[in-house]
Amino acid sequence: MQKGNCLGRTIFCLKIGAPKELRKKNLIMEFNFTEIEKKWLANWEKNGTYQVSNDSDRPKYYVLDMFPYPSGSGLHVGHPLGYIASDIFARYKRLKGYNVLHPMGYDAFGLPAEEYAISRGIHPADSTQENIERYRQQLESIGLSFDWSREVRTSDPKYYKWTQWIFTLLFNHYYDKDAETARPIFDLITRFEQNGNLLVQASTTYEGEFTATDWARFSRKEKDDILMQYRLAFRSVGYVNWCEALGTVLANDQVKNGLSERGQHPVELRPMTQWFLRTTAYADRLLSGLDTIDWSESLKAIQRNWIGRSEGALVRFELKGLEESLPIYTTRPDTIFGVTFMVLAPEHELVEVLTTAEQQEEVAAYVKYVAGRSERERQAEVKEVTGAFTGAYAIHPFTGAEIPIYISEYVLKDYGTGAIMAVPSDDERDQAFAKAFDIPIIDVIDKSDYPDAGLHDKVGRVINSDFITGMEVPEAIAEIINRIEEKGIGKRGVNYKMRDAGFSRQRYWGEPIPIVYDEDGLASSLPLDELPLELPEVSEFRPTADGRSPLSRAEDWVHLPDGRVRETDTMPGTAGSAWYFMRYTDPHNEEAFAGKKAIDYWQNVDLYVGGSEHAVAHLMYSRFWTKFLFDLGYINFEEPFKKLINQGMIQGVIEIAYLKQKDGQNYFISADLVGDDVRGYSEFFVPIEFVTDYGKEHSYLSEEGLRKYVEWKPEFANAIFEMPGGVFQKGVFTPKDGGECRFVTHSETGKMSKSRYNTINPDDIIAEYGADCFRMYEMFLGPIEQSKPWNTNGIDGISKFLRRFWALFYDADGRWLVTDEKPSAEALKVLHQTIKKALYDIERFSFNTCVSGFMVAVNDLRKMKCHSQSILEPLVRLMAPFAPFITEELWGKLGNEGSVHQSTYPDFDEKYLVESTVDYPISINGKKRAVVAFPADASKEDIEKAVLDLEIVQKWVDGKPIKRLIVVPGRMVNVVV
RNA sequence: GCCCGGAUGGUGGAAUUGGUAGACACGCAGGACUUAAAAUCCUGUGACUUCACGGUCGUGCGGGUUCAAGUCCCGCUCCGGGCACCA
């Protein structure tokens, strides 16, 4: 353990609480985990114990953690939860005979790293390097069995060369919907040259049609514009989430409730020319792929929701007196006879064309009103009905009726066609709008047969609807779409909520987009031999005031000698993390993103562990990039992560002090004086290391704690702290009626974070209890997927357990106890039961119950005073994945060569588990009344007979006739009277 | 509003998938050792009731299926997470 610069340690006594200092001494006397850890870390590194080869006869298994952002705060105890779980599994699989790839790296690009660097006024590369070193130290001290020779960093040019390369592939491919695969853009050009775009079924935003002759006549610029609309990485003017405070564009998933996820700054929609990835091309495959992978239902639900597939129809409505027609998308074409008005998004391109002279003013005013509203305002006032009449009318395709056209912000420009046919009888929002604007309502669905159905359920009988009247809804939908298609006014259609992903960031610390523009502004990608395109040095990392990327400051870099200019936007953080798992298979390859042989051997990740906060962004992009590379034949799998586990969050204790200001004086009021009504108080987070008994109901700041708090927050040097026992000010406590200085703080459970001053550093826990204890305690806390609060109370239980385990090998004076005596049948039974349970529990990732199984075993063996080598040696191997240090030490002491982590996992033998008797619970009328032992081989009949003779049964039966006698062999007996 | 989870002692949690509810651990209480404390060890610990043997109740609430329900079904309540004017 190299902990030279570990800042957290000096205050560790405060954090853990002083009384435990004494325990620490006692611990070290029994076994010196610090020494043991140091010794084996060095040994493992020297011997390359955890290095893995791409050449092996053994079956492969790939265990991966979501790699961290190396933030400046280092790890807190919440971070390693997933790492420990995956490490246990990786170690287990290795012992089970698999060739296990278990690497680690750093997601070093992106906003957090850059913000941190800017705040410290240093180069992001330097701060990143610094942070990585700290992370590495912390990760190693936990005893995680990573193959560090495979470490990757997304900010390393050797790595991002290939991120850029994949981007150029995306740029040079389009999505062929017929073949359901990505194809080279050159093929598309050939097809255009032969037939125009008439036969091309592709994912595109291009709506026009052209022939081969047209194509030949198009200018270079026109051709380029069209091709751009087919590329999988493309440049387009789009409404983007612009965040003024961060000075950058954000992806949809980085915006929550109109605020930036990072920093909570307001975000507005702005039209800008940006790079996008055509993720929508893969929408269907991203959706159907979910059925092939082992992820939690909730995670799949989030992704399905994000993709948001719906089926319906696209219908064109003729416009009265105009050439143009109005396309709409609906999931309820069966309600078309109930249409009484149409609504367009205010930004819809037809608004200007449609609006009549008389309505010009009103419409313009409304459009202006909407444009001036922030996303936040729109979302906050969802129920408010606003809109304007355009003066124009559409023609109903079946009745010929004239339908008024309105604009309203409840119709979104980006979803469907940005226009709807409004059916007020069967849609709440349409209904609200119709009522507000006094538009008639026609009932078209009779739901009287479905009393429980909601407005949106696709059930009922169609009424008032000409040729579909009388049909049930599903039948009516099919029929009306047929008619629409026959009439040539529309077609069956599928729609997605998912949008193409914005891929431009006006940020310094990211991969430069490897694109150059010629004098006509036409984009071309850099060839592989010009990659990596390295980040230039710039004078200032912040974005420019007009929203251009900081890279634009590097004039020499931007302007090429031949007059071309470089793209100055950088890629988002999700770029490097979209494919990093592939790089680990062949991390030093300079000729390819990963060698064919390596990636074909390791393939996709068998077990992926990480936080659910990446449910959408990272996991969606990763799946998209994987499918794309699969289409191009670079890899032979279509999903990146076969099984995924989201570890829960470890929550911390939040300590709060209440402040009231009066006449410019700060009064802190002890929580027991504040009561439940905290209105009128400001809340301040108190660093938990100042608080006595933090996390407990009565947690308080002692006189010493108050002094520390004031010293830490000098602006409160003169503040008055009021508590029941007296008053504290300027370092002096004035008691009242002989009271004590106890300033009570309010405790809550919540996220652990630097800003709440409640992080617990694993270094401190490891220093006091050892890495093995830390690992096992995190596992013992509860099911891996559950969130749970951290408290150090329970850690003593694990610490005791490890010392008892050690005590099976050594007595209190350090004498070796292990003998080669023949083990007793009971001891063998304990061992084999434990092995059986461990196998069962590890396979289902139930690590908490597995630890409890070890506890039971150690308790039992201790009672038996079992020191038999043939019991303890397998037990050491069994526990090795959980407690790698102590088991490695004991493995050597048991006289074994090599590492326990390269041995084999024990297996159990049923023969030791056979019981001669089985305890049967005897129930009478379903209530347990007794437990009786019967021979294990007793037949059903024997048991039946014996049960009836039992005194207890006689007593309960009490002469009444026995209706039924149920005997489940090996389980239980139930007598029904 | 919609979707996905969840609710078990004072606490974290367990229950072989319909078969002894509360494993394991924390906490608490009592005891041993100690001048004392810490550490360690032992005993007890769901609630109610009984001198005791024992009995009654008990897995968020209300019903149901079953010889048997924490587990399955129906209807709710509350908590956590996600989405949200998505036509």
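Predicted model: local features only at pLDDT ≥ 70, side-chain atom pairs only at ≥ 80, totals over all residues.

**The chain as a whole**

Chain A has 977 residues, of which 54% count as buried, and its secondary structure comprises 33 helices and 38 strands. Taken along the principal axes, the C-alpha atoms of chain A fill a box of roughly 100 × 85 × 75 Å.

**A three-stranded sheet**

Three strands form an open, antiparallel sheet in the order E21-E20-E22. Strand E21 (523-525) and strand E22 (565-566) stand at the edges with a single partner strand each, so one side of each is left without a neighbour in the sheet. Strand E20, residues 515-517, is joined to E22 by two bridges, the two strands running antiparallel, and Tyr 517 has Val 565 in E22 as its bridge partner. Strands of a sheet pair through backbone hydrogen bonds, and the pairing may be either parallel or antiparallel. Across E20 and E21 lies helix H7 (residues 157-171), which runs at about 130° to E21.

**The surface near RNA strand B**

RNA strand B is surrounded by 55 residues, the closest being Thr 331, Tyr 410, Arg 429, Leu 781 and Met 855. Of the atoms of RNA strand B that come within 4 Å of the protein, 67% belong to sugar and phosphate. By residue class, the surface near RNA strand B divides into 22 nonpolar, 15 polar and 18 charged residues.

Several elements each supply at least two residues of this surface, among them helix H2 (20-30), helix H12 (297-307), strand E11 (325-330) and strand E38 (972-976). The largest share, seven residues, comes from H29, a helix that spans 847-863.

Polar contacts with RNA strand B involve both backbone and side-chain atoms of the protein, as the following examples show.

| Protein residue | Protein atom | Atom of RNA strand B | Distance |
|---|---|---|---|
| Leu 412 | polar backbone atom | base nitrogen | 2.9 Å |
| Leu 781 | backbone N or O atom | sugar or linking oxygen | 2.7 Å |
| Asn 974 | side-chain N or O atom | base oxygen | 2.7 Å |

Methods. Residues numbered from 1 in each chain as written. Chains lettered and ligands numbered in written order. Heavy atoms only, no water. Pairing = 2+ DSSP bridges. Helix = DSSP H or I, 4+ residues; strand = E, 2+ residues; numbered from the N terminus. Contact = heavy atoms within 4.5 Å. Axes fitted to C-alpha atoms, helices over the stretch in contact; angles between N-to-C directions. Near = heavy atom within 4 Å. Polar contact = N/O pair within 3.5 Å; in protein donor to acceptor, adjacent residues only side chain to side chain. Nonpolar A, V, L, I, M, F, W, Y, C, P; charged D, E, K, R; others polar. Buried < 20%, exposed > 50% of the residue type's maximum accessible area, 1.4 Å probe, protein only.
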